[in-house]
Amino acid sequence: SRGLGDVYKRQSLDGLDLTLLDTPGHVDFSSEMERTLQVLDCAILVISGTDGVQGHTHTLWRLLERYGVPTFLFVNKMDQSGTDKETLLAELQNRLSASCIDFTCEKDSEAFLEAVAMCDEEVLENYLEGEPITDCKIRKLIQKRKIFPCYFGSALKLEGIDTFLEAFDRYTICPEYADTFGAKVYKISRDAQGMRLTHLKVTGGSLRVKMVL
């Protein structure tokens, strides 16, 4: 069983070191989940392809907007009957943001490049003048929440997962932190002996054993 803000470490994505904070998406856990959102460098919002954008999806979207978290979207269960990528993408654009862009299409296609350029006035102006849209520009637009990459697949059948992980590595920016120690607490729990555990994200410096704060 997984709890709020449970941590899972993965180090097998081409050397990329990821710390995953897994939280339930249901609205009943919104207050606990909100604390976890405050320490995220980036969010992956999973949406059911059979259900589309639901009421609690809007709650999650508003919280991600409030805390300025760059967000990738993965539409799951695309292997089930009745799911249609174009219909779901249109729903994401209408109900969440017009800047939700299908990143599973041809990256060098004119349609994709135009969709990206339309999300930022400066990028659009440079694009019309013949300047290419590089991965660096896309990363910055994602970081500024000006575009939201959308991917489609099936977690159960591992369809679209590799494509998503490769893109996640390609389009995310590793944050830079100060040398002075800093941290944000996002969860309090207790171990089997009842000892209090404080879960935190270090945002600067380092935390040493027996260090007094």
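**Labels and their grounds**

Mentor: Leu158 is located in the loop between β6 and α7. The model is predicted, and Leu158 has a positive phi of about 55 degrees although it is not a glycine.

Trainee: Why is Leu158 called exposed?

Mentor: Exposed requires over 50% relative accessible area. Leu158 has 64%, so Leu158 is exposed.

Trainee: What makes Lys77 partly exposed?

Mentor: The class covers values between the limits of 20% and 50%. The relative accessible area of Lys77 is 32%, and therefore Lys77 is partly exposed.

Trainee: Are the two partners, Arg66 and Glu34, buried or exposed?

Mentor: Arg66 has 56% relative accessibility and therefore counts as exposed. Glu34 has a relative accessible area of 18%, so Glu34 is buried; the limit for that class is under 20%.

Trainee: What makes Glu91 and Arg95 a salt bridge?

Mentor: Their closest N and O atoms are 3.3 Å apart, and the limit is 4 Å. Both residues lie in helix α3 (residues 85–95), four residues apart, about one turn of the helix. Arg95 has 39% relative accessibility and so counts as partly exposed.

Trainee: How do you know that Lys146 forms a salt bridge with Asp120?

Mentor: The closest N and O atoms of Lys146 and Asp120 are 2.6 Å apart, which is to be set against the limit of 4 Å. This pair links distant parts of the chain, 26 residues apart: Lys146 is in the loop between α6 and β6 (148–152), and Asp120 is in the loop between α4 and α5. Lys146 is partly exposed because its relative accessible area is 32%, whereas Asp120 counts as buried at 11%.

Trainee: How many salt bridges does the rule give?

Mentor: The count comes to eight salt bridges.

Trainee: What makes a group of Glu residues a patch of negative charge on the surface?

Mentor: The group consists of Glu121, Glu122, Glu125 and Glu129. Glu counts as negative, and like charges are joined within 9 Å. Members must also have over 30% relative accessible area and no salt bridge. Glu129, in the loop between α5 (121–128) and α6 (135–143), has 61% relative accessibility and therefore counts as exposed.

Trainee: Why is Leu213 called exposed?

Mentor: Leu213 has a relative accessible area of 71%, so Leu213 is exposed. Leu213 is in the segment after β8 (196–204). Together with Val202 and Leu207, Leu213 forms a nonpolar patch on the surface, with about 280 Å² of accessible area together.

Trainee: Which residues have the most contacts inside the largest nonpolar core?

Mentor: That core has 23 residues, and those with the most contacts inside it are Phe72, Phe103, Val116, Ile138, Ile147, Tyr151 and Tyr171. At least two residues of this core come from each of β4 (71–76), α4 (110–117), α6 and α7 (161–171). With five residues, α7 gives the most to this core.

Trainee: What makes Leu45 buried?

Mentor: Leu45, in strand β3 (residues 43–48), has 6% relative accessibility and therefore counts as buried. The C-alpha atoms of Leu45 and Leu213 are separated by 34 Å, with the two residues 168 residues apart along the chain.

Trainee: Finally, why is Pro175 called partly exposed?

Mentor: Pro175 has 30% relative accessibility, and that value falls between the limits of 20% and 50%, so the label applies. Pro175 is in the loop between α7 and β7 (182–190). Its C-alpha atom is separated by 9.3 Å from that of Thr203, 28 residues apart along the chain.

Key. Residues numbered from 1 in each chain as written. Predicted model: local features only at pLDDT ≥ 70, side-chain atom pairs only at ≥ 80, totals over all residues. Heavy atoms only, no water. Patch = residues over 30% accessible without salt bridge, like charges linked within 9 Å, V, L, I, M, F, W, Y side chains within 5 Å. Areas by Shrake-Rupley, 256 points an atom, 1.4 Å probe, with all protein chains shown as cover. Salt bridge = Lys/Arg side-chain N within 4 Å of Asp/Glu carboxyl O. Charge placed at Lys NZ, Arg CZ, Asp CG, Glu CD. Buried < 20%, exposed > 50% of the residue type's maximum accessible area, 1.4 Å probe, protein only. Core = buried A, V, L, I, M, F, W, Y, C linked by side-chain atoms within 4.5 Å.
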